[in-house]
Amino acid sequence: MLLPNVYIHPLFGKMLFSFMDLVLGYLIYRILEMRRVNSSISSLCATVWVFNPLPIVVSTRGNAESVLSCMVVGVIYLLMKKQNVLAATLFAVAVHFKVYPMIYAPSIYLLVNEQYGQAYTHPKQTKFKRIVNLLWPSDIALVFATIGLSVTVGLCMLFYNMYGQVFLDETYLYHITRKDTQHNFSIYFYPLRIAEQLEPVLSTMVGLSAFLPQLGATLAFTYKYYRDLPFCWFMITFAFVTFNKVCTSQYFLWYLCLLPFVLPGLRLSISEGSIMFAFWLMAQGVWFAPAYYYEYHNYDILGWVWAASLLFFWLNVWAMWKLLKSYRYSPLLTAHTEVKHQNVTWSFLSRKSE
C-alpha cells in the first residue's frame, strides 16, 4: 500500500491516510443521514472527526489507523445498506488488517441472524428459549459467516504461503503472548513489569487474565445493544481499549471514530459533555507529566506513572457508566423500515432529528 512512497513521493502514505480521514467523515455523515438524523447535526458530527486534532496528528505522522477506521465504519454502512456479501468481505479484510475488529463478530452475527432486528422473539418467551432462538443460525447468518471465514482463511493461506510461520506469529499469536512492561496508559503495565521480574510464568498468567474483563464487557454489550450497532461497537471498543494490556494514544482512535454516531443520542447537556471531555483530557495530562520526567529525566517515579494510569482507567470506567445512563437506545432497524417517526429532541446537541 505504501510502495508509492518509494516510487512516487515519500509523503504519499501520509496523504493517503489523511484522505481516508476525509472518506471516514463522509461515511459518518451518510450513516447518520440513514439513521434519520438531521442534516445539520450529521454534518456537525462528521466535523467532530474530520477536525479532531488526534486523528490529524496520527495520520500525518504516517500511521494507518484511518484505513482501519474506514473499514470498520464501512462495515456498518454496508450492513445498513443490506449489502451482506460486501460487508462480510470487508469485515474479513479489516480483521486481517488488524485483528481487534474480531470483537465485533458476535454483534454482527446476532444482528443479521435476527434479520436486522425485524425477527423479534415473542415477549412471553422464557429467557432461555429467547437465547436459544437468538443463537440458532439463520440462512443469512450462515452466508455471512461463510463468506467472512472464507475470505479470512484465504488471506491467511496467501500470506502464510508468502511469509511462513513469521506471519502467524506477528499477526495473531503475538497478541496472546505479548507482555508490554513499558509504561503506557494500561493499568497492567506495572503489574506485568513486577511479575516479569519475580517469575515469568506469573507474568504470563497476569497477561492472560487481562482478557477476561474484555471478554465479559464484549459479551455483555453485544447482548444488550446489538440492534444498535454503532453504539454497541463504540461501547465494546471503549471497554476493550480501557481493559487492554497495552493502551497508547493511537488506540483511542478505535472508539473515537465511532463517537460521532453516539453524540446525537446522548441525553447530556453541553456542559456535562464538556466536563466529561475535560476530565478525559486532564487524566491524560496527569499521566504524561510523570511519564515525561521518568522517560526523559530518569526520575525514579514509575509508581506515579502507574497511579496516573489507575486514575485514567477509573475515569474511563466512569465515562462508560455515564454514557450508558444517558444514551437514547436507537435500533438499527430504523434504517430499514418505513415506520413513521416523531421528531425527537437530542438534548446533547440541542437540535431536532426526524
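Visitor: In which helix is Thr218 found?

Guide: Thr218 is found in helix H13. Helices (H or I, at least four residues) are DSSP runs, numbered from the N terminus. Residues are numbered from 1 along each chain as its sequence is written.

Visitor: What is the mean pLDDT of the chain?

Guide: pLDDT is the predictor's confidence in each residue, from 0 to 100. The mean for this chain is 86, and 90% of its residues reach 70 or more.

Visitor: Where does pLDDT stay under 50?

Guide: Where pLDDT is low, the predicted coordinates should not be read in detail. In this model, pLDDT stays under 50 over residues 333-354. For that stretch the model has 58 contacts beyond four places in sequence, a contact being heavy atoms within 4.5 Å.

Visitor: Is Thr218 buried or exposed?

Guide: Buried means under 20% relative accessible area, exposed over 50%, and partly exposed in between (1.4 Å probe, protein chains only). Thr218 has a relative accessibility of 8% and therefore counts as buried. Leaving aside residues up to four places away in sequence, Thr218 touches Ile103 and Ile236.

Visitor: At what angle do H13 and H14 pack?

Guide: Axes are lines fitted to C-alpha atoms, for helices over the stretch in contact, and angles run from 0 to 180 degrees between N-to-C directions. Helix H13 (residues 211-225) packs with helix H14 (residues 229-242) at about 170°, and their axes are 9 Å apart.

Visitor: Which residues of H13 and H14 make the contact?

Guide: H13 contributes Gln214, Ala217, Thr218, Phe221, Thr222 and Tyr225. From H14 come Leu229, Phe231, Cys232, Met235, Ile236, Ala239 and Phe240. These residues divide into ten nonpolar, three polar and no charged. Here Ala, Val, Leu, Ile, Met, Phe, Trp, Tyr, Cys and Pro count as nonpolar, Asp, Glu, Lys and Arg as charged, and the others, Gly among them, as polar.

Visitor: How do the axes of H2 and H4 cross, and which residues meet?

Guide: The axes of helix H2 (residues 12-34) and helix H4 (residues 53-60) cross at roughly 155° and come within 8 Å. That makes H2 roughly antiparallel to H4. Lys14, Phe17, Ser18 and Asp21 of H2 meet Pro55, Ser59 and Thr60 of H4. This contact has two nonpolar, three polar and two charged residues.

Visitor: How many aromatic pairs does a search of the whole structure find?

Guide: A pair of aromatic rings is described by the distance of the centres and the angle of the planes. Rings of Phe, Tyr and Trp (its six-membered ring) pair if their centres lie within 6.5 Å; planes under 30 degrees apart count as stacked, over 60 as edge-to-face and the rest as tilted. The search finds 30 aromatic pairs. The rings of Phe234 and Tyr255 have centres 6.1 Å apart and planes at 85°, so this pair is edge-to-face. Phe234 in helix H14 and Tyr255 in helix H15 (residues 253-256) are 21 residues apart, and their pair links distant parts of the chain. Both Phe234 and Tyr255 are buried.

Visitor: What kind of pair do Phe252 and Phe312 form?

Guide: Their pair is tilted, at 5.7 Å centre to centre and 50° between the planes. Phe252 lies in the loop between H14 and H15 and Phe312 in helix H18 (residues 302-326), so the pair ties together parts 60 residues apart in sequence. Both Phe252 and Phe312 are buried. Ring pairs also link these two residues into a cluster with Phe185, Phe234, Phe238, Tyr255, Phe277, Trp280, Trp287 and Phe288.

Visitor: Which phi values have Lys82 and Asn298?

Guide: Most residues other than glycine have a negative phi. Lys82 is not a glycine, yet has a positive phi of about 60°. Lys82 is found in the loop between helix H5 (65-80) and helix H6 (84-97), and counts as partly exposed at 37% relative accessibility. Asn298 also has a positive phi, near 60°. Asn298 lies in the loop between helix H17 (270-296) and H18, and counts as exposed at 67% relative accessibility.

Visitor: Where is Cys156 found, and which residues does Cys156 touch?

Guide: Cys156 is found in helix H9 (residues 139-163). Cys156 is buried, with a relative accessible area of 17%. Not counting residues up to four places away in sequence, Cys156 touches Phe167 and Tyr172.

Technical notes. Predicted model: local features only at pLDDT ≥ 70, side-chain atom pairs only at ≥ 80, totals over all residues. Heavy atoms only, no water. Helix = DSSP H or I, 4+ residues; strand = E, 2+ residues; numbered from the N terminus. Parallel < 35°, antiparallel > 145°, perpendicular 65-115°, else oblique.
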